[in-house]
Amino acid sequence: MAGVTVEVPEYEVVDRVELPARRTAVIVVDMQNDFVKEGGKLRVPTAEATVEPIRRLLERARRAGVRVFYTQDTHYDGDPEFEIWGEHARHGTWGWEIVEELKPRPGDIVVQKTRYDGFYGTPLDDLLRVYGVEYTVIVGTVANICVLHTAASAALRWYKVVIPVDGVSALTDFDLHATLRQVSWLYKGVIVRSVDGVVFR
Ligand code: ZN
């Protein structure tokens with residue numbers, strides 16, 4: 001199906017969203033060397049530009065007492081995903097590690113996941129419930145793959161989903177817009193223009 005031109009249906013992008021710090025978690029999806037850095041096995045070229053906005057978001061989140069979660073794509077020998085994507089995010093390798101600039105701090109929670117969805121086969125839902133989280137701010141990569149699956153999974157569990165546009169990256173504009181439109185339209189999430197518009201109170 002080559003050469004099809006489609007128009008992105010309109011979806012709302014807000015400038016500012018206020019969230020209750022104690023009932024909010026930031027979830028950083030798969031910001032690992034393999035996806036972000038030069039020499040990474042499945043690099044998303046625009047992911048590097050999201051590092052600084054995500055760093056700013058995390059700094060304010062931690063200061064406000066917002067809980068910070070990371071998902072870490074994690075594969076072992078013979079993982080069936082290697083047949084689709086080639087080898088990546090192999091446990092223990094440089095590519096598997098979260099990028100230096102966003103290294104988890106003491107108190108942050110890292111959830112190792114084997115599939116696109118951060119909830120699938122992980123304790124993420126349990127941990128969010130234990131800590132009384134209702135709102136999730138989701139950033140990271142790849143927008144239409146692990147970010148979307150995680151956002152969808154959060155929304156299906158009735159967490160409110162917020163996605164800052166400058167905190168997510170994809171391989172194509174189509175993938176990015178499809179993700180944001182889907183989160184907005186189907187999952188009733190909030191798309192905010194920038195991480196700086198996410199206010200914790
Ligand atoms: Zn993977």
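This is a predicted model: local features need pLDDT of at least 70, side-chain atom pairs count only at pLDDT 80 or more; totals for chains, interfaces and linings use all residues.
**Notebook: the zinc site and its salt bridges**

I started at the zinc ion: its four donor atoms make angles of 87 to 164°, so the site is irregular.

Residues are numbered from 1 along each chain as its sequence is written, and side-chain values use heavy atoms, with hydrogens and water left out.

Next I looked up the protein donors (N, O and S atoms within 2.8 Å of the metal, or 3.2 Å for Na, K and Ca). I found Asp73 (OD), His75 (NE2), Glu81 (OE) and His88 (NE2), 2.0 to 2.3 Å from the zinc ion. Asp73 and His88 are both buried, that is, under 20% relative accessible area with a 1.4 Å probe and protein chains only.

Then I followed Glu81, which is buried at 6% relative accessible area. Glu81 forms a salt bridge with Arg115, closest N and O atoms 3.7 Å apart. (I count a side-chain nitrogen of Lys or Arg within 4 Å of a carboxyl oxygen of Asp or Glu.) Arg115 also meets Asp79 in a salt bridge, at 3.2 Å, N to O.

Elsewhere, I noted a salt bridge between Lys113 and Asp30 at 2.8 Å, N to O; Lys113 and Asp30 are buried. My search of the whole structure gave 21 salt bridges.

Note on methods: Four donors count as tetrahedral if all angles lie between 85 and 135 degrees; four count as square planar and six as octahedral if opposite donors are over 155 degrees apart and all others between 65 and 115; anything else is irregular. Buried means under 20% relative accessible area, exposed over 50%, partly exposed in between (1.4 Å probe, protein chains only).
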